[in-house]
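I opened a new notebook page for this structure. The entries below follow the order in which I looked things up.

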Amino acid sequence: MFPSVASRRMFLTALIALHLLLITLAVPVSGDVAFYFQREGSPDDVGEALFGEEAGALAVQDFEDPELGPDGADLTVLPVGDVEFGLSAAYPDGEPFMPFKWYVPSFYFEDKLYATVLVSFSSLTFTPQSEQPVRALGAWVYDDGGALDSAYRIDVAELDGATSHAVLENEIPLDGSYHEIEGFFGVVSDVGIAEVTITAIDPVSGEANPDTFEVDHVRVAEAPVVDESDSPCVNPRGKPLHRHRRHKCTKNSCGHRPHRVKPGASVP
Ligand SMILES: [Ca+2]
Ligand SMILES: [Ca+2]
Ligand SMILES: [Ca+2]
């Protein structure tokens, strides 16, 4: 007995749906990034501490070192401990903006935004230049530019090409000046961070805002060094598979899978 036309159509429809599902599952739509947020004005947020616990030993850039150049110096390269980052920024239409260091006499928020900071506009991208993968990056963000209130979209690209994002938005009632500490963000990737972009966005539409912001106390941790003697970083022919540096290996070269996303205390 042959199946009816309706049954065959249902079978074909199910087959196509299954095929599309398998295609979807094969595309890496999200990475293994853990986001940590500490919204200013939210006393229950402890994202910065959790980030510190997860990241381990952190190097800090507080922009107070005279070697960064005089007040107003353009910053296209930012050292944070042993890691060098390329810095780039852009207006919403893509026109480049040059980030620079600046002394702000009204910034007296210890360990958050204090004295000299990094000034940017609309979007700011950190690109690690170091050989050793960067595992963790965090910073405090100040919403400047009195004409607009912004939230901050944090986009992370990992070394395996996966991308993730989340939004930092504080819970401080607006006072009309729109000058406020937005909060702290931290991201951790066991795969390694290829790029992190902070974008000032309209809290309602999510579109990029033409708005000034500052960052300070940039915190960074490199991926731990793996001892080659204990590592199976060889292919079946016994050849080393090191991707980023000799004597070190990564998820991709060792077959090690990192943990999945571990939300911070208060992902909005
Ligand atoms: Ca500072
Ligand atoms: Ca603003
Ligand atoms: Ca804001």
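**Entry 1: burial and overall make-up.** I count a residue as buried if 20 or more other C-beta atoms lie within 10 Å of its own, with C-beta atoms placed from the backbone. By that rule, 37% of the 268 residues of the chain are buried. I note at the start that this is a predicted model. The chain has 3 helices and 13 strands. I also looked at contacts between residues at least 6 apart in sequence: 73% of them join residues at least 24 apart.

**Entry 2: confidence.** I checked pLDDT next. The chain has a mean of 82, and 73% of its residues reach 70 or more. Residues 18-29 fall below 50, and this stretch makes 2 contacts beyond near neighbours in sequence. Residues 242-268 are also below 50. That stretch has 69 contacts in the model beyond near neighbours in sequence. Where pLDDT is low, predicted coordinates should not be read in detail.

**Entry 3: the core.** Which residues have the most contacts inside the largest nonpolar core? I found Val141, Ile154 and Val187, in a core of 50 residues. Strand β12, residues 180-201, gives the most to this core, with 10 residues. I then listed the partners of Ile154, leaving aside neighbours within four places in sequence. Ile154 is in contact with Phe35, His165, Ala166, Leu168, Phe185, Val187, Val196 and Ile198.

**Entry 4: Glu40.** I found Glu40 in the loop between β1 (33-39) and α2 (47-55). Is Glu40 buried or exposed? Glu40 counts as buried, because it has 21 C-beta neighbours inside 10 Å and the cut-off is 20 or more. Not counting residues up to four places away in sequence, Glu40 touches Asn170, Ile172, Glu180, Ile181, Glu182 and Gly183. I also took the distance to Val141.

**Entry 5: strand β7 and its partners.** I moved on to β7, residues 113-121. Because 7 of its 9 residues are buried, β7 is largely enclosed by the rest of the structure. Strand β6 (residues 100-109) runs antiparallel to β7, and 6 bridges join them. The two strands form a hairpin with 3 residues between them. In the turn, Asp111 has a positive phi of about 65 degrees. Phe109 has Leu113 of β7 as its bridge partner. β7 also pairs with β13, again antiparallel, through 4 bridges. There, Phe121 stands opposite Thr212 of β13.

**Entry 6: Tyr114.** Tyr114 lies in β7. How many C-beta neighbours does Tyr114 have inside 10 Å? I count 17, so Tyr114 is partly exposed. Beyond four places in sequence, Tyr114 touches Asp62, Phe107, Tyr108, Phe109 and Asp216. Tyr103 is 11 residues from Tyr114 in sequence, and their C-alpha atoms are 8.7 Å apart.

**Entry 7: positive phi away from glycine.** I checked two further residues for backbone angles. Phe63 is not a glycine, yet its phi is positive, about 65 degrees. Phe63 sits in the loop between β2 (59-61) and β3 (77-80). Phe63 is buried, because 22 C-beta neighbours lie inside 10 Å. His217 is not a glycine either, and its phi is positive at about 50 degrees. Where is His217? His217 is in strand β13, residues 212-222. With 21 other C-beta atoms within 10 Å, His217 is buried.

Note on methods:
Residues numbered from 1 in each chain as written. Chains lettered and ligands numbered in written order. Predicted model: local features only at pLDDT ≥ 70, side-chain atom pairs only at ≥ 80, totals over all residues. Buried ≥ 20, exposed ≤ 12 C-beta atoms within 10 Å, placed from the backbone. Contact = placed C-beta atoms within 7 Å. Core = buried A, V, L, I, M, F, W, Y, C linked by C-beta atoms within 7 Å. pLDDT = per-residue confidence, 0-100. Pairing = 2+ DSSP bridges.
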